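Open the model in your viewer and keep the selection tool at hand. This tour goes stop by stop: what to select, and what is there.

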Amino acid sequence: MSIFTEFTERDRVFDFLAPTASPVDVRHGPILYLEDVTVSFDGFRAIDDLNLTIDDGELRCIIGPNGAGKTTMMDIITGKTRPDTGSVWFGSRHNLLRMNEPDIASLGIGRKFQKPTVFEALSVFENLELAMAADKRVFPTLTARLTGEHRDRIGEVLEMTGLKDLWRREAGVLSHGQKQWLEIGMLLMQRPRLLLVDEPVAGMTEQEMERTAELLTGLAGQQSVVVVEHDMGFVRSIARTVTVLHQGSVLAEGSMDAVSNDPKVVEVYLGEGI
Amino acid sequence: MTDSNRMWLTRPLTEGSTRLFLGLLAAAMTAVVLMHLVFPEGHALHMSIYTVTLMGKYLCYALLAVAVDLVWGYLGILSLGHGAFFAVGGYAMGMYLMRQIGTRGEYGHPVLPDFMVFLNWDQLPWYWHGFDMAWFAFLMVLLAPAALAFVFGYLAFRSRVTGVYLSIMTQALTFALMLAFYRNEMGFGGNNGFTDFKDLLGFSLLTDGTRLGLFIATGVALAIGYVLCRAIVTSKLGRVSVACRDAEARTRFLGYRVERVQLFIFVVSAMLAGVAGALYVPQAGIINPNQFSPIFSIEIVLWVALGGRATLYGAVIGALVVNYAKSVFTGIMPEAWLFALGGLFVFVTVFLPKGIAGLLPKKKRPDDDDSDTTAQEATA
Ligand SMILES: Nc1ncnc2c1ncn2[C@@H]1O[C@H](COP(=O)(O)OP(=O)(O)OP(=O)(O)O)[C@@H](O)[C@H]1O
Ligand SMILES: [Mg+2]
């Protein structure tokens, strides 16, 4: 019951989602810092001299036309793609270009993929269990037991994501929107310091979008959130600062109003109306 | 959900399907022992010691199939080289058996096995030392396949080799080892391998009692191997392993070291295969490089596919059914066996994609037992 009230009191922060202690050092500046990053695929510059700074606790929206390089940027931050040049820092201490995916994930960077990827053969509950912040080395995982506290946390996330009644279902049979929620739930279980969320509301109803908006704005503050989204209505409802990516670099940055009146941005979106 | 709070190693023992498996195995083994001991020779129900040993060999294959199912069914690594680990375990046991022969060989040399005397070697190669001691040899049965799997897996998984490429590499591994073991200079008896074993732990291999004992030991090893694999797949690591199988990249982004999970499970599987090989050799009475042949490794995968992947008991069923069919078939028309096997495989892939195990009543998910407690606790 307590969870329910917590969820409805929108101005309160969900303390059970508080990030676990991350070694990230943000005393002297931003939590994420990309400088002069360039990536080419077969000569095509998907990311071209990109500079981006995310402050601790910030909620940032990133928009841009298809192929602008938004997903590729997330690939670089999470260690999936190595840039040709440039530097990427998590806080002032961690050079992400020297780390692999599991290390970056354990540092406290969580990611939701554009195409929802959940473990289809496992149940909803088990998907959340695997995502849970824990010692993820081989032997501790082998001997891990599910404590009541773990179960409560999973229950809380099930409640928040509206998957409570589906907890025993195989994730593979969920609808597209439910998979989106499950992936958001997995992200919450990880309790990351920085969340990278790629198109979270694709396939969701208006109502669900609203819930997602509440959830993400509720997280910001304690956690830093980077949201990539095409749905302008959604971006408008959560945005504080918006960054527009175009052809691999930053075209404009600022408040939603400032950005949408920027002639360069209007040109890129070709009067689609933003 | 009381089960998940148990120690990971004892958790399978609370599961219905594991108890059923162990019960059936124990019953079948008791039946075999009784049919051999109680009914006199000539009686319709009498089982000859030859047949008992044949059953023992089938059980070795069943353990091998369980090992393959662990890596293929639950981790998604299609190993076409598990015969190599079986053979390495078998050779480790064979070396012990050879040294047990002592002066009873053709040449009567107190230390050197016959084939070394025949090659005019005057001393034991360094890697043969220690194999006169049972504890050392038995340790090597586990460690030699483990070391081979570790080195191979470390290199392959670290470079993120997966899928077909990995399968081809495992084939290459077993093929290379076969060629190596054919060579006399390797010191493993060349193409003749090892044979003419005399005794094991002081018991003569020619007596019925020892053979019956080996049969029982194999059944116990299968039971332990099965429970161990079940313990792994029902642990959180087992779920991570399935996650690696289905979405490797995603698993990495959750912070799991996929290559270490793969390495761990691959090594455990290789050790089980080694134990199966070690129990096979004294019952078959011979080990030679043909055990490394790529075809054998492919056959193991067929057993698992026929029985049903990712169930463990399916692997056991597959190994028993196919090998029984094989001995019946090779008795009637040996040339047709490979065609029959191929035909059976096509039949199963087309009509029984989940193998024989898919025909059995579906096992309930372990979570089903405790209804909605989790969800209720959450709102409480
Ligand atoms: N692995 C790759 N190999 C070759 N080209 C790639 C690769 N990954 C991305 N690209 C290219 O880089 C460009 C940027 O792709 P990216 O997926 O980052 O765009 P996006 O901004 O996320 O687009 P969308 O809004 O459609 O998701 C595209 O032109 C894409 O074709
Ligand atoms: Mg994208």
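This is a predicted model: local features need pLDDT of at least 70, side-chain atom pairs count only at pLDDT 80 or more; totals for chains, interfaces and linings use all residues.

**Stop 1: two helices of chain B**

Select helix H5 of chain B, residues 134-158. Now look at how they cross: H5(B) passes H10(B) in a right-handed crossing. The residues of this contact divide into 18 nonpolar, three polar and two charged.

Show some side chains. On H5(B), the residues that meet H10(B) include B:Leu142, B:Leu148, B:Phe150, B:Tyr154 and B:Phe157. On H10(B), the partners include B:Leu263, B:Phe266, B:Val267 and B:Met271. B:Arg158 of H5(B) and B:Glu259 of H10(B) also belong to the contact.

**Stop 2**

Go to B:Arg160. This residue sits in the loop between H5 and helix H6 (163-182) of chain B. Its phi is positive, about 55°, although B:Arg160 is not a glycine.

**Stop 3: another pair of helices**

Next select helix H11 of chain B, residues 294-307, and helix H13 of chain B, residues 337-351. They pack at an angle of about 35°, with axes 10 Å apart. H11(B) passes H13(B) in a left-handed crossing. Which residues of H11(B) and H13(B) meet? From H11(B) come B:Leu302, B:Ala305 and B:Leu306. From H13(B) come B:Leu341, B:Leu344, B:Phe345 and B:Val348. By class, this contact has seven nonpolar residues, no polar and no charged ones.

**Stop 4**

Move to B:Leu312, in the loop between H11 and helix H12 (313-332) of chain B. B:Leu312 is not a glycine, yet its phi is positive, near 70°. B:Leu312 is buried, with 28 other C-beta atoms within 10 Å.

**Stop 5: a tyrosine and its contacts**

Select B:Tyr58, which is found in helix H2 (residues 49-72) of chain B. B:Tyr58 is buried, with 22 other C-beta atoms within 10 Å. Set aside its neighbours within four places in sequence, and B:Tyr58 is in contact with B:Ala319, B:Leu320 and B:Asn323.

**Stop 6: an enclosed helix**

Select helix H8 of chain B, residues 236-246. How many of its 11 residues are buried? The count is 10, so H8(B) is largely enclosed by the rest of the structure. Among the buried ones are B:Leu237, B:Val240, B:Val242 and B:Cys244. B:Lys236, B:Arg239 and B:Arg245 are buried as well.

**Stop 7: where the chains touch**

Colour the two chains separately. Their contact takes 37 residues from chain A and 30 residues from chain B. On the chain A side, the elements that give two or more residues are helix H3 (101-107), H4, H5 and helix H6 (148-160). H6(A) gives the most, with seven residues. The chain A side divides into 16 nonpolar, eight polar and 13 charged residues.

While in chain A, pick A:Ser123, in the loop between strand S6 (109-112) and H4. With 21 C-beta neighbours inside 10 Å, A:Ser123 counts as buried.

**Stop 8: ligand 1**

Finish at ligand 1. The residues around ligand 1 include A:Phe41, A:Asn66, A:Lys70, A:Thr71, A:Thr72 and A:Gln114. Which helix gives the largest share of this shell? Helix H2 (residues 70-77) of chain A does, with three residues. By class, the shell has three nonpolar, seven polar and one charged residues.

Technical notes:
Residues are numbered from 1 along each chain as its sequence is written. Chains are lettered from A and ligands numbered from 1 in the order in which they are written. A residue is buried if 20 or more other C-beta atoms lie within 10 Å of its own, exposed if 12 or fewer, and partly exposed in between; C-beta atoms are placed from the backbone. Helices (H or I, at least four residues) and strands (E, at least two) are DSSP runs, numbered from the N terminus. A residue is near a molecule or strand if its C-beta atom, placed from the backbone, lies within 6 Å of it. Ala, Val, Leu, Ile, Met, Phe, Trp, Tyr, Cys and Pro count as nonpolar, Asp, Glu, Lys and Arg as charged, and the others, Gly among them, as polar. Axes are lines fitted to C-alpha atoms, for helices over the stretch in contact, and angles run from 0 to 180 degrees between N-to-C directions. A crossing is left-handed if the near helix is turned anticlockwise from the far one by less than a right angle, and right-handed if clockwise. Two residues are in contact if their C-beta atoms, placed from the backbone, lie within 7 Å.
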